Amino acid sequence: MTVAVFVRRLGCMAAAALVLCPATSYADESGISFWVPGLYGSLAATPTTPGWSVATIYYHTSVNASGAAAASREFQVGRFSPTVNINLNLSLSGQADLQFIAPTYTFAEPVLGGQFSATLAGVWGRNAASIAGTLTGPLGNTFGGFLQDALVSYGDLYPTFKLKWNSGVHNYMIYGAGDIPVGDYNPSRLANIGIGHGAIDFGAGYTYLNPATGTEFSGVGGFTYNFKNPDTQQQSGIDFHFDWGVSQFLSKQVFVGFVGYAYQQVTDDFGQPAVLGGFRSRVLGMGPQIGYIFPIGSNQAFLGLKGYAEFDAANRPSGWNTWLTFAISEEAPKTVTPTRHLVIK
């Protein structure tokens, strides 16, 4: 089997990486970011089967934080003046159970010598958060108590456009994505599904896939620019993110491996309470993955499970998250007509 045919027969798994998730992970304003670390993983840059595909993901996350990351939520809901000088002794807990669905169309005709695809993802589910602890003000006044909130609703819409190129065992990708802020958001709530502002994200990725050995590794990096939140007049800084995956195929259908991510905010927030400082966020995550590729009638499907344990977090809650993905696409063609490949000089 040629590399190109093998890659395209794995297109359903690659399609599963097209979902863009809302800010159920935490960073930036009020500890919430547009990009969810771990979105991409193995086979992220491999070409997909032309035509329609759809991916659905069940995403669960459980996180905790203290200090500034928790206090930012108190300021968000308006319990304390953003100009007050305070000592922070707060703890924040959050949990989300969300379902994403992302239909994708992959064009058969090459664009700039590569394969072009367009995705529009949506989300619904439950998000919950709670804060406990005390704040001590400049006059020694202490405020304490417990605040919790939960919401079952819908989130924003997330368009994504990609170009991919294949050259033997090497695969390359560029993408552009965004947030259309139509989801359920209220700045006075602790828990939201929408993030309350628009965002754009651009990046590139690479996948090495050797069908002879079954070895694969992928990496995708990008930057997020956040627009101002019209409800709070705050604007999150620019974020950098890098997702990676390493896998070994045990057969043509089953693989195992590891996934990870690095997330770092590279510029300060604007308009945040002075006590929070620049509020730049950071987190690292890593964990195992397993995947299974199988036919369903005349279509091909992918079922995958991956999980991350987070560490080295700053100005954001951290904990663990899991992704259960099911994707289905049209059957890969029996023969593939060669197209122009990207040439690296």
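**View 1. Confidence along the chain.**
Welcome to a predicted model, in which the chain has a mean pLDDT of 81. Of its residues, 73% reach 70 or more. One stretch to read with care is residues 77-85, where the pLDDT is below 50. Beyond near neighbours in sequence, residues 77-85 have 21 contacts in the model.

**View 2. Strands β11 and β12 side by side.**
Here you can follow β11 (residues 282-296) alongside β12 (residues 299-314), paired in the antiparallel sense over 12 bridges. To find your place, look for Leu 284, which stands opposite Phe 311 in β12. The two strands form a hairpin with 2 residues between them. In this hairpin, Gly 297 takes a positive phi near 60°.

**View 3. From β12 onward to β13.**
Strand β12 is also joined to β13 (residues 318-330), by 11 bridges, and the two run antiparallel. A handy landmark is Leu 303, which faces Phe 326 in β13. This hairpin has 3 residues between its strands. In its turn sits Asn 315, with a positive phi of about 55°.

**View 4. Two loop residues with positive phi.**
Leu 112 is not a glycine, yet its phi is positive, at about 55°. You will find Leu 112 in the loop between β2 (87-106) and β3 (115-136). With a relative accessibility of 68%, Leu 112 counts as exposed. Gln 233, another residue other than glycine, has a positive phi near 60°. Its loop lies between β8 (215-226) and β9 (239-249). Gln 233 is partly exposed, its relative accessible area being 46%.

**View 5. Nonpolar cores.**
In soluble globular proteins, nonpolar side chains tend to be buried together. In this model, the largest nonpolar core has 30 residues. Trp 35, Tyr 40, Tyr 175 and Trp 323 have the most contacts inside this core. Two or more residues come from each of β1 (51-66), β2, β3, β6 (170-179) and β10 (254-265). The largest share, 4 residues, is given by β2. A second, separate core has 6 residues, including Phe 249, Phe 255, Ile 293 and Phe 302.

**View 6. Asp 184 with Arg 189.**
Side chains of opposite charge can pair when their charged atoms come close. The whole structure holds 3 salt bridges, and one of them joins Asp 184 to Arg 189 at 2.9 Å, N to O. Is Arg 189 buried or exposed? Its relative accessibility is 18%, so Arg 189 counts as buried.

**View 7. Arg 280 with Asp 268.**
In this salt bridge the closest N and O atoms of Arg 280 and Asp 268 are 2.6 Å apart. Both residues belong to the loop between β10 and β11, 12 residues apart. Arg 280 is partly exposed, with a relative accessible area of 38%. Asp 268 is partly exposed too, at 31%.

**View 8. Arg 282 with Asp 312.**
Arg 282 has a relative accessible area of 27% and is partly exposed. Asp 312, at 42% relative accessibility, also counts as partly exposed.

Technical notes
Residues numbered from 1 in each chain as written. Predicted model: local features only at pLDDT ≥ 70, side-chain atom pairs only at ≥ 80, totals over all residues. Heavy atoms only, no water. pLDDT = per-residue confidence, 0-100. Contact = heavy atoms within 4.5 Å. Pairing = 2+ DSSP bridges. Buried < 20%, exposed > 50% of the residue type's maximum accessible area, 1.4 Å probe, protein only. Core = buried A, V, L, I, M, F, W, Y, C linked by side-chain atoms within 4.5 Å. Salt bridge = Lys/Arg side-chain N within 4 Å of Asp/Glu carboxyl O.
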